[in-house]
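Morning, everyone. I have one structure to go through today, and I will keep it short.

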Amino acid sequence: MKILLSNDDGYQAPGIIALYEAIKDLGDVEVVAPEHNNSAKSNALTLYAPLSVRQANNGFRYVNGTPADCVHVALTGLLGYRPDLVVSGINNGANMGDDTIYSGTVGAAMEGYLFGIPAIAFSQTQKGWAHIESAARKARELVQHLVGAGAPESSPWLLNVNIPNLAYEELKPFQVCRLGRRHAAEKVISQTSPHGETMYWIGGAGPAKDGAEGTDFHATAQGHVSITPLKVDLTDHEALRAWGRSVPGAREAAGA
Ligand SMILES: Nc1nc2c(ncn2[C@@H]2O[C@H](COP(=O)(O)O)[C@@H](O)[C@H]2O)c(=O)[nH]1
């Protein structure tokens with residue numbers, strides 16, 4: 001079993017170190033991760049600047065790029081082989097609901113999925129790394145299950161997993177659930193520079209708007225580890241027919 005491990009918090013982050021230690025005996029685990037924190041970089045690729053890959057003393061390789069760059073470079077040449085699984089995380093903070101659109105943690109895993117490789121993104125629901133070893137132990141349980149015979153037939157698959165910052169004994173069983181939704185983000189925070197220019201900081205993510213039972217927000221709030229299978233088809237299939245009727249002269253394309 002060959003596993004490619006990446007993240008978005010950087011190769012020195014506690015989350016990737018704990019996850020590597022937890023899964024390193026499950027197969028050949030190679031780390032290719034960003035040099036620095038690349039939170040909220042989503043699926044960004046670096047197309048107009050060169051990327052360099054260096055190796056740390058612990059054998060982790062790090063890239064001056066985004067999470068998706070790391071996985072892309074690893075899969076298209078650096079590794080020289082096709083891994084069986086791409087794992088990303090453990091992220092410093094939640095990636096639930098809308099977060100998954102912005103998330104570099106999910107972006108790294110999604111890059112593997114787009115290359116046809118099963119992939120999992122792991123996040124802790126709170127920042128600060130409390131109980132990170134418990135989260136890594138839970139992540140190992142899932143990876144071990146899936147690299148065994150536990151994964152569904154349909155391949156590749158992409159899982160988004162959120163783990164509450166709780167002691168291992170307090171963590172409740174895995175729950176498969178849908179993504180919830182957040183309210184709109186908080187207001188931007190403005191400051192004035194010493195030169196009199198207005199500077200802006202992105203405000204916080206909005207609170208859960210749809211945290212109903214069955215969502216990742218609800219599951220993790222109850223202490224469960226949430227698992228949500230993701231896909232990347234952004235087509236609004238339910239709206240196709242309506243748009244086919246509403247645009248003058250438009251017809252639904254065959255097979256739409
Ligand atoms: N401060 C804000 N954070 C936001 C906003 N929208 C999303 N996010 C967060 O970004 C991270 C991205 O995840 P990562 O895996 O790249 O670290 C995610 O946790 C979201 O909560 C926002 O408007 N403001």
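I will start with the ligand site and then turn to a pair of strands.

Please keep in mind that this is a predicted model.

The ligand sits in the largest pocket. Two helices, H3 (99-102) and H4 (104-114), are the elements that each give two or more residues to the shell around it. In total, 16 residues surround the ligand. Asp-8, Ser-39, Ala-40, Ala-94 and Gly-203 are the closest. Sorted by class, the shell has eight polar, six nonpolar and two charged residues.

What distance separates a backbone N or O atom of Ala-40 from an oxygen atom of the ligand? That distance is 2.5 Å. From Asn-95, a polar side-chain atom lies 2.9 Å from a ligand oxygen. Asp-99 also places a polar side-chain atom by a ligand oxygen, at 3.0 Å. As for burial, the ligand taken alone exposes 510 Å², and 81% of that is buried by the protein.

That is the site. Next, the strands.

Strand S10 covers residues 189-192 and strand S11 covers residues 198-201. The two run antiparallel and are joined by four bridges.

How values were computed: Residues are numbered from 1 along each chain as its sequence is written. This is a predicted model: local features need pLDDT of at least 70, side-chain atom pairs count only at pLDDT 80 or more; totals for chains, interfaces and linings use all residues. Side-chain values use heavy atoms; hydrogens and water are left out. A residue is near a molecule or strand if one of its heavy atoms lies within 4 Å of it. A polar contact is a pair of N or O atoms within 3.5 Å; within protein, one must be able to donate a hydrogen and the other to accept it, and residues adjacent in sequence count only if both atoms are side-chain atoms. Accessible areas come from the Shrake-Rupley method with a 1.4 Å probe; for residues, only the protein chains shown count as cover. On a 1 Å grid over the protein atoms alone, a cavity is a set of points where a 1.4 Å probe fits but cannot get out, and a pocket is an open set with protein on both sides within 12 Å along at least five of seven lines; lining residues have an atom within 4 Å of a point. A molecule sits in a cavity or pocket if more than half of its atoms lie within 2 Å of its grid points. Ala, Val, Leu, Ile, Met, Phe, Trp, Tyr, Cys and Pro count as nonpolar, Asp, Glu, Lys and Arg as charged, and the others, Gly among them, as polar. Two strands pair if DSSP finds at least two bridges between them.
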